[in-house]
Amino acid sequence: MELLAKAFLLDRKTVDIEEHLKRFRRSYRRRLRRLAGLATPCAELLVSFPAAAFAIATEYGTRDQRAQAIKSVRAGEPLKNVATALQLPLWLRKLPPEALTNEFPAHIPSDPEFGTKLLGMVPQSRDDIGRWLTAVLEGERTCDAEFALWLARHPEQLPEPQYVDAVVLLGAYAWFSEHHDTDAGMLIPHRWHGQMTVRGAVKRLEEWWKLLRQELFLGKGGVQDPWLAGGRAAGYRLVPLLTFADLEAEAEAMDNCVTDYAWKMAHNECRLFSMRRGATHVATLEVQAHPCHDGIPQIVQLLGPDNEDAPDRVWAAAFTWLGKQAKYGIPDPENTGPAPALATWQRIWLPYWRAKGQHQLLPRFPNGETIDAISQRIDRLRRAAK
């Protein structure tokens, strides 16, 4: 406010600009206020071309580009010149300040026809518009204009702002639907099309992700080494879970998230066993290498249905089974080579990276957190699309 007071001597225009600033996201107002204090035309830019003012304030483009844009503004040149200096498409001029909740990506579609169609779909609710624009621009970057406009038609079914990056997963699904000659594309059972509902697309994405996990983490044959032999103890039967199909069956029987452990199994971080009495699934057991004793196993989890703690008698049976093991097949972590799953992951995503670049949700070198993040984002997409 002090800068504006010095620039405009608290005239009526100062009050108008200050009121207009309230339409921008709070975290950007100080930088925008600083821009407005440079000269009267710069303040007026917040009203006439909010996106350009926002781009300058958030240091979009290069320093020379921003300097040229400010020079054009001060000289009173047409707004087209300002957009050209910043390399911004002119259709952004019609976006209201409420849409500018995240800094612009490096690439913004410049096609005027795309901009015209998009502007005709701007949500009426100011609460939705920022999330909407972020998702649409991300959708165009991670797939194409058709997919972005499809997203634009469904603002009420987009995930909350902190999870809007989940759009890349839908975008990858749509992209691979068109490139069905790729390894990942051939795994898609139902391809994306523009007449799908968001709910339907998320359901198909889930189906594809399940098949991808099977291919990426365990392959068709699963892990070959269970580390420990299955067997019986105190009336319970312990069955090694080696394939993705095994994990799916256990997850359904126990109502748990055991399928998320496929990555850890593929990287020799753990092995899983199903404890059963007859045909009844009683508990799921996880074994890892002991952190202080190479080659020695330890039970790190033993949970019943719905991840409830297993009764003492089940724990006693598990320790009895462990004590009966004739030998341990746990590999030495220092001698464990790179998991084949990494090579498979990179082979699967390479065509997409070449076409669209990498994304933080789909990194070149993933880990267990990567898989958890993807599963979490798909869950958020499902909740939003209900």
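D306 is partly exposed, with a relative accessible area of 46%; by the convention used here, buried means under 20% relative accessible area, exposed over 50%, and partly exposed in between, as found with a 1.4 Å probe on protein chains only. The model is a predicted one, in which local features need pLDDT of at least 70, side-chain atom pairs count only at pLDDT 80 or more, and totals for chains, interfaces and linings use all residues. Residues are numbered from 1 along each chain as its sequence is written, and side-chain values use heavy atoms, with hydrogens and water left out.

D306 belongs to the loop between β5 (297-303) and α16. Helices (H or I, at least four residues) and strands (E, at least two) are DSSP runs, numbered from the N terminus. The phi angle of D306 is positive, near 60 degrees, in a residue other than glycine. Most residues other than glycine have a negative phi. N268 is placed in the loop between α15 (262-266) and β3, and it counts as partly exposed at 30% relative accessibility.

Strand pairing was examined next, two strands being paired if DSSP finds at least two bridges between them. Strands β1 (residues 231-233) and β2 (residues 236-241) run antiparallel and are joined by three bridges. Within this pair, G231 has L238 of β2 as its bridge partner. The hairpin of β1 and β2 has two residues between the strands, and A234 in this hairpin has a positive phi near 55 degrees. On β2 there is also an antiparallel pairing with strand β3 (residues 271-277), made through five bridges. In this pairing, F273 in β3 stands opposite P240.

A317 lies in helix α16 (residues 312-323) and counts as buried, at 1% relative accessibility. When neighbours within four places in sequence are left aside, A317 is in contact with A233, A234, Y236 and M275, where contact means heavy atoms within 4.5 Å. A317 and R237 are 80 residues apart in sequence, yet their C-alpha atoms are 9.4 Å apart in space.

Helix α5 (residues 50-57) is mostly covered, eight of its eight residues being buried. Among these buried residues are P50, F54 and I56. The buried residues of α5 pack against α3 (26-36), α4 (40-48), α6 (63-74) and α7 (79-86). Just after α5, a positive phi of about 60 degrees is found at E59.

Empty space was then considered. Rolling a probe the size of a water molecule over the atoms shows where empty space is left. On a 1 Å grid over the protein atoms alone, a cavity is a set of points where a 1.4 Å probe fits but cannot get out, whereas a pocket is an open set with protein on both sides within 12 Å along at least five of seven lines; lining residues have an atom within 4 Å of a point. Grid points are joined across faces, edges and corners, and a volume is the space filled by probe spheres set on the points.

The largest pocket holds about 360 Å³ of space. Its lining has 15 residues, and R213, T259, D260, S375 and R382 lie nearest the centre. Helices α13, α14 (244-254) and α18 (368-384) each supply at least two lining residues of this pocket, and α18 provides the largest share, five residues. By class, the pocket lining comprises four nonpolar, four polar and seven charged residues; Ala, Val, Leu, Ile, Met, Phe, Trp, Tyr, Cys and Pro count as nonpolar, Asp, Glu, Lys and Arg as charged, and the others, Gly among them, as polar.

R213 itself lies in helix α13 (residues 198-218) and is buried, with a relative accessible area of 9%. Its side chain makes a polar contact of 3.1 Å with the side chain of D260. A polar contact is a pair of N or O atoms within 3.5 Å; within protein, one must be able to donate a hydrogen and the other to accept it, and residues adjacent in sequence count only if both atoms are side-chain atoms. Apart from neighbours within four places in sequence, R213 is in contact with L218, F244, T259, D260 and S375.

One cavity of 30 Å³ or more was counted, and the largest cavity contains about 60 Å³ of space. Its lining includes L169, W208, W349 and I378. Helix α13 gives the most to this lining, with four residues. The cavity lining has ten nonpolar, no polar and no charged residues.
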